[in-house]
Amino acid sequence: MLEVRNLSAGYPGRTVLEDVSLAVRPGRVLVLLGPNGCGKSTLLRTMPGLLPPLAGEVLLDGRPLKDYRPREAAQRIAYLPQSRSVPRITARRMVLHGRFPYLSYPRRCRREDYEAVDRALAAADALELADRPLPELSGGQRQKVYLAMALAQETETVLMDEPTTYLDIRHQLEVLALARRLAEAGRGVALVLHDLCLALTAADDAAVLAGGRLLALGGPEEIYQSGILARVMGVRLDRAAGPEGWRYFCELRSEG
């Protein structure tokens with residue numbers, strides 16, 4: 001389990017979040033919600049150690065993350081950032097980067113690494129892109145390749161910052177279905193999402209951030225009933241019963 005306790009996060013001279021405590025639990029999908037600039041991405045970058053905590057601590061299976069060697073931590077936590085560079089390599093070579101935590105220097109990929117890459121490409125619906133150069137791919141296609149790279153790490157915890165960016169609605173739903181399958185396989189999954197309707201449908205747990213604080217943490221039903229999302233996001237949030245459970249929808253909240 002990946003956990004933060006009383007965490008303050010940010011950058012030298014600028015605190016973005018203060019006193020945040022939450023956990024990415026095995027078998028569950030945690031969604032981070034809140035307005036632009038509230039610190040969701042900063043929190044997600046601090047959790048795997050890409051940013052050092054300003055205060056508090058990050059724990060991995062009860063042990064301080066700082067006590068793990070970087071390679072050891074990378075074998076336990078995969079992180080998909082919001083954006084990445086676009087090197088002039090094929091998609092398969094890019095996804096192979098996800099296997100680097102398992103390779104000693106000089107890196108020589110083994111058969112099991114290539115097999116893991118193909119599994120990850122298939123899971124991300126990107127296998128047909130394997131031999132194409134990244135610069136030739138659309139934004140949505142590249143996003144699927146980057147998702148495959150995170151999956152290729154085969155970690156216990158998967159952190160994804162806006163994984164549905166550039167994707168059409170079908171592929172957005174496929175990414176959320178993949179997050180569910182990862183959780184059902186026993187992994188802990190955390191997502192930053194801006195689409196409240198998709199987020200509440202996908203989440204086991206939801207964390208609402210605003211004003212540098214964690215304002216609410218609970219299940220989708222609890223978060224919905226509290227009204228916190230409508231207040232923080234400035235929208236009207238409603239729902240209707242569907243054949244597979246609640247379906248949420250948003251509209252602008254009328255003034256006055």
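Strand 9, residues 205-210, is mostly covered, with six of its six residues buried. The model is predicted. Strand 9 pairs with strand 3 and with strand 10. A second topic here is Q172, a residue of helix 6.

**Two faces of strand 9**
- In a regular strand, side chains alternate between the two faces of the sheet.
- D205, A207 and L209 point one way from strand 9.
- A206, V208 and A210 point the other way.
- Both sets are buried.

**Pairing with strand 3**
- Strand 3 covers residues 29-33 and runs parallel to strand 9.
- Four bridges join these two strands.
- V31 has A206 as its bridge partner in strand 9.

**Pairing with strand 10**
- Strand 10 covers residues 213-218 and runs antiparallel to strand 9.
- Five bridges join strand 9 to strand 10.
- A206 has G218 as its bridge partner in strand 10.

**The hairpin turn**
- Strands 9 and 10 form a hairpin, with two residues between them.
- G211 sits in the turn and has a positive phi of about 60 degrees.

**Q172 in helix 6**
- Helix 6 spans residues 169-184 and includes Q172.
- Q172 counts as buried because its relative accessibility is 15%, and buried means under 20%.
- Leaving aside residues up to four places away in sequence, Q172 touches T164, L167, D195 and L198.

Terms used: Residues numbered from 1 in each chain as written. Predicted model: local features only at pLDDT ≥ 70, side-chain atom pairs only at ≥ 80, totals over all residues. Heavy atoms only, no water. Buried < 20%, exposed > 50% of the residue type's maximum accessible area, 1.4 Å probe, protein only. Contact = heavy atoms within 4.5 Å. Pairing = 2+ DSSP bridges.
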